[in-house]
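Hi everyone, thanks for making time this morning. I'd like to walk you through one structure, so please have a look at the screen.

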Amino acid sequence: MTDVDHFRSNGWLLTPTLDAAGLAALRSWVDEIAGWPDDGDGWMHHREMTSHGPALCRSENLIPFHEGLRHLLTSGAMLETASALLDEPAVLYKEKVNYKLPGGAGYSPHQDAPAYPFIDAHVSCMVAIDDATVDNGCLEVVAGHHHDLMPTDDSGCVRADVVESLAWEPVEVQAGSTLWFHSRTPHRSGPNRSSLPRRALYPTYNALSEGDLRADYYREKLARFTSAGGRADGKVQVSLIDDFQGLSVR
Ligand SMILES: O=C(O)CCC(=O)C(=O)O
């Protein structure tokens, strides 16, 4: 079975992406990004409250401000793989780093598609910056269920009775490797129970035939996040659906 066939039938695929030098560079870029101030020119940092105190959980809208990351995500092997999996030329739609520092929260079972306005055909991946393991909250996916949207609850996540009926498999990913997944592949993850970070880079690509919509996506997201007030349930919202289980630092 080719990689593309594996993706078509399972809705996910593991590929090697970075050699040791590439991984070392990515780690240093992410350290740099984590140190950017909160009041930047358009990038966004999000924090969660953990049992160790407030912790960075996500940074996004990064490539306008980082040449190395822009090159990695918008050319070469990453773009080629995204295009092969979409079966047409791909363009970057959005990008984020999830830090999942020790004590960092997991994500409720969801499909990404409802969180992405404007596009139909998209594929995402998780480039592991640190080894992702069951202990530190690797992704769990459901194979072969990427054809339809599933019933959701009020938060936009997969309804509990449906979650129970699905076969979830953890996918551990070695640092430097990439887990590609379809935007309708159901996925979730647990908290980081280890004493080390589980950082991962998540680019999402769409079919270029639908347009280059990255700027529109971030304009919309910045507007929704700027107008949103605090939440009554104490959770922190990082996505346009409510999949993140982390608690607010406020
Ligand atoms: O990083 C994780 O553990 C899961 C991330 C995820 O599912 C998401 O950001 O939508």
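Predicted model: local features only at pLDDT ≥ 70, side-chain atom pairs only at ≥ 80, totals over all residues.

Let's begin with the whole chain. The protein has six helices and eleven strands. Along the principal axes, its C-alpha atoms fill a box of roughly 50 × 45 × 35 Å. What does the radius of gyration say about the overall shape? For 250 residues, a compact globule would come out near 18 Å, and the protein has 17 Å, so the two agree. Of those 250 residues, 38% count as buried. If you take the contacts with a separation of 6 or more, 81% are between residues 24 or more positions apart.

Now to the sheets. Seven of the strands form an open sheet, and reading across you get S1-S9-S6-S11-S4-S3-S2, with antiparallel pairing. At the edges are S1, residues 12-16, and S2, residues 44-50; each has a single partner strand, so one side of each has no neighbour in the sheet. From one strand to the next, the twist averages 20 degrees. Inside this sheet, S3 (residues 53-60) and S4 (residues 90-98) run antiparallel and are joined by three bridges. If you want a landmark there, find Glu-60, whose bridge partner in S4 is Lys-96. Helix H1, residues 3-10, lies across S1 and S9 (177-182), and runs at about 150 degrees to S1.

The other sheet is also open, has four strands in the order S5-S10-S7-S8, and again pairs antiparallel. Which strands stand at its edges? Those are S5 (107-110) and S8, each with a single partner strand, so each has one side left without a neighbour in the sheet. Here the twist averages 25 degrees from one strand to the next. Strand S7, residues 139-142, has antiparallel partners in S8 and S10. With S8 (residues 168-171) there are four bridges, and Leu-139 stands opposite Val-171. With S10 there are three bridges, and Glu-140 stands opposite Arg-188.

Which residues surround the ligand? The shell consists of Asn-98, Lys-100, Tyr-107, Asp-112, Gly-137, Leu-139, His-187, Ser-189, Ala-200, Tyr-202, Ser-239 and Asp-243. Sorted by class, that is four nonpolar, five polar and three charged residues. Strands S10 (187-189) and S11 (200-207) each supply at least two residues of the shell. Recall that S10 belongs to the four-strand sheet, while S11 sits in the seven-strand one.

Last stop, the backbone. Most residues other than glycine have a negative phi. You'll find Lys-100 in the loop between S4 and S5. Is Lys-100 buried or exposed? Lys-100 has 31 C-beta neighbours inside 10 Å, so it counts as buried. Asn-61 also has a positive phi, of about 60 degrees, without being a glycine. Asn-61 lies in the loop between S3 and helix H3 (67-74). With 20 C-beta neighbours inside 10 Å, Asn-61 counts as buried because the cut-off is 20 or more.

That's my tour, and I'm happy to take questions.

How values were computed. Residues numbered from 1 in each chain as written. Near = placed C-beta within 6 Å. Nonpolar A, V, L, I, M, F, W, Y, C, P; charged D, E, K, R; others polar. Rg over C-alpha atoms; globule rule 2.2 N^0.38 Å. Buried ≥ 20, exposed ≤ 12 C-beta atoms within 10 Å, placed from the backbone. Contact = placed C-beta atoms within 7 Å. Pairing = 2+ DSSP bridges. Axes fitted to C-alpha atoms, helices over the stretch in contact; angles between N-to-C directions.
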